[in-house]
Amino acid sequence: MTYLYDDPSSFPADAVRGLVAAYPEELLGVHGGVVRAAATPAGQPALVVGGGSGHYPAFAGWVGPGFAHGAPCGNIFASPSADQVYAVARNAENGGGVILGFGNYAGDVLHFGVAAEKLRAEGIDTRIVKVSDDVASNSEDQHRDRRGIAGDLVVFKVAGAAIQAGASLEEAEAVAWKANDATRSIGVAFDGCTLPGAEDALFHVPEGAMAVGLGIHGEPGIDEVPMPRARELAERLVEGALAETPELDSARVAVVLNGLGTVKYEEMFVLWAHVSELLAERGLTVVRPEVGEHVTSLDMAGLSLTVTRLDTELERYWLAPADAPAFRRGGTVEGELGEERGEVYAPGEDPIPEASEDSRASAARVGEVLAELSALLEELEPELGRMDQIAGDGDHGQGMLIGIRAADRAGRRAIDGGAGARTVLVQAGAAWSAEAGGTSGALWGAALTSLGSALDDQQAVTDAQLLAGMIGAVEAVERLGGAQVGDKTMVDAMVPFRESLASAEGEAAAAVASAAEQATEAARGTADLVASKGRARTHGDKSQGTPDPGAISFARIVTRVGELLG
């Protein structure tokens, strides 16, 4: 159980506050997480890694020279919000771009992705690396679609060392992916973990048994077997981690035996003695192993084994010095370490960049469209809610209305401050995402942000920019949400809309109106589908016969936009 807490709901924030108090010369607390106390050296890429709380030392414990530059910290086992990721990235970035690194989980993919869209819209080169080392979570041919567990340590350590050695953003991104593709992990659990304030664990393993293939949030394993002796467990872990031969087939390996929270170090050392012998028997040379707690799961009783194949480049970065609160590797960290910080970014009213008179005129028109859409979604709220009640939780209409109202308010504030069209849409998108929450809020926020990034604060919006921006907005939703046509989501209406725009010629008004007709027909057609994405997927064929509310709301919105452009 978790013994020490004040208010369980504030446990993650309280823990971060205490971490910063324990390392005041190394860490600085900012909105959403932590960054290095010293500013990132000018022009150096910033490595921002994160995920839910409850995994310390991951991720905040890895912030320091030779490792990460910042870490957003979400709630227990929950992705940090896009707002948190963005705030930490803004405080970490200093002209060299950003790599956002996280384990491959749906919430992290979405919220880090939305933050990336906003950063890119502001001209910050942003790359994403999703760690996917857990062999139990997908097949070998789908390696990059697996979830990330303790392989996070190796991938992010290598990327941070590469940056410290002078790697460019592109080079650091490439070496991080190389490390990910060379890494395999497998975990086991003996009992579950308990959330702060909870009376019982999230799950239990039957007495005398062990769950194989557990994730770091208590996700179900792939098998339950009798509890083995240390030697037998070592054989199972080594066989699991070495069952595949990555493209980088090297005999030199970085190895992490990772405790999940309760298994004592002495127990891990007993296990490691066997693991190291088994690896040697297989002709592998272990390079600087790590045995201890690195990616935990509160007080889960369990552990995992990670093996990364090393070439000369990866080995150099794996061995390079690092100086973070929870990961210190010997030697002096060479290269620039940064100077004292100046201003610290905190959420609030974002600054308004200079804009031309023509762009401000376009911004005023954008504001009128947002106001009209707010009125439309207020009218549609009951209808969308009734649709969503069939196989969801009935909140789609309410969520859409909260989102558009927030976007409308943010847009009006930006217009009143003299903003151009680009800034109005970027700030409106951020507001929609932050206030509406959920998957729909994040995706619509990303869509507006992507649309804004195609525009310019120094000129009037052109038809070509508008059409390119709308196509990009749909692509952002496809990229972040992961849904495909046939999954019964708003993507079923968005893709025909995008394809129609891509083949359109002439004025934007006619192109959007025609594309909206395609979206409307496709949205109605979702009534024949069974949901395979989102909450409705858990209700089987209950949603069949009712159109997807997300597809309908999208079709109604673009139809109204087409009318307003005409």
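**Note on aromatic packing and overall form**

1. Trp 62 is buried, its relative accessible area being 0%; buried denotes under 20% relative accessible area, exposed over 50%, and partly exposed in between, with a 1.4 Å probe and protein chains only. Phe 67 is likewise buried, also at 0%. The model is predicted: local features need pLDDT of at least 70, side-chain atom pairs count only at pLDDT 80 or more, and totals for chains, interfaces and linings use all residues. Residues are numbered from 1 along each chain as its sequence is written, and side-chain values use heavy atoms, leaving out hydrogens and water.

2. A pair of aromatic rings is described by the distance of the centres and the angle of the planes. Rings of Phe, Tyr and Trp (its six-membered ring) pair if their centres lie within 6.5 Å; planes under 30 degrees apart count as stacked, over 60 as edge-to-face and the rest as tilted. The count by this rule is 10 aromatic pairs. One of them joins Trp 62 and Phe 67, which are stacked at 5.5 Å centre to centre with 10° between the planes.

3. Trp 432 and Trp 444 form another stacked pair, with 5.3 Å between centres and 10° between planes. Trp 432 belongs to helix α11 (residues 421–436) and Trp 444 to helix α12 (residues 438–453), so the pair ties together parts that are 12 residues apart in sequence. Trp 432 is buried at 2% relative accessibility, and Trp 444 is buried at 7%.

4. Trp 62 and Phe 67 also belong to one aromatic cluster, together with Phe 59, Phe 156 and Phe 327.

5. Two arginines have a charge over a ring (NZ of Lys or CZ of Arg within 6 Å of the ring centre and within 35 degrees of the ring normal). The charged end of Arg 144 sits 4.0 Å from the ring centre of Trp 177, and that of Arg 316 sits 4.8 Å from the ring centre of Tyr 317.

6. Buried residues make up 58% of the 566 residues in the protein chain. Of the contacts (heavy atoms within 4.5 Å) with a separation of 6 or more, 74% link residues 24 or more positions apart.

Definitions and conventions. Helix = DSSP H or I, 4+ residues; strand = E, 2+ residues; numbered from the N terminus.
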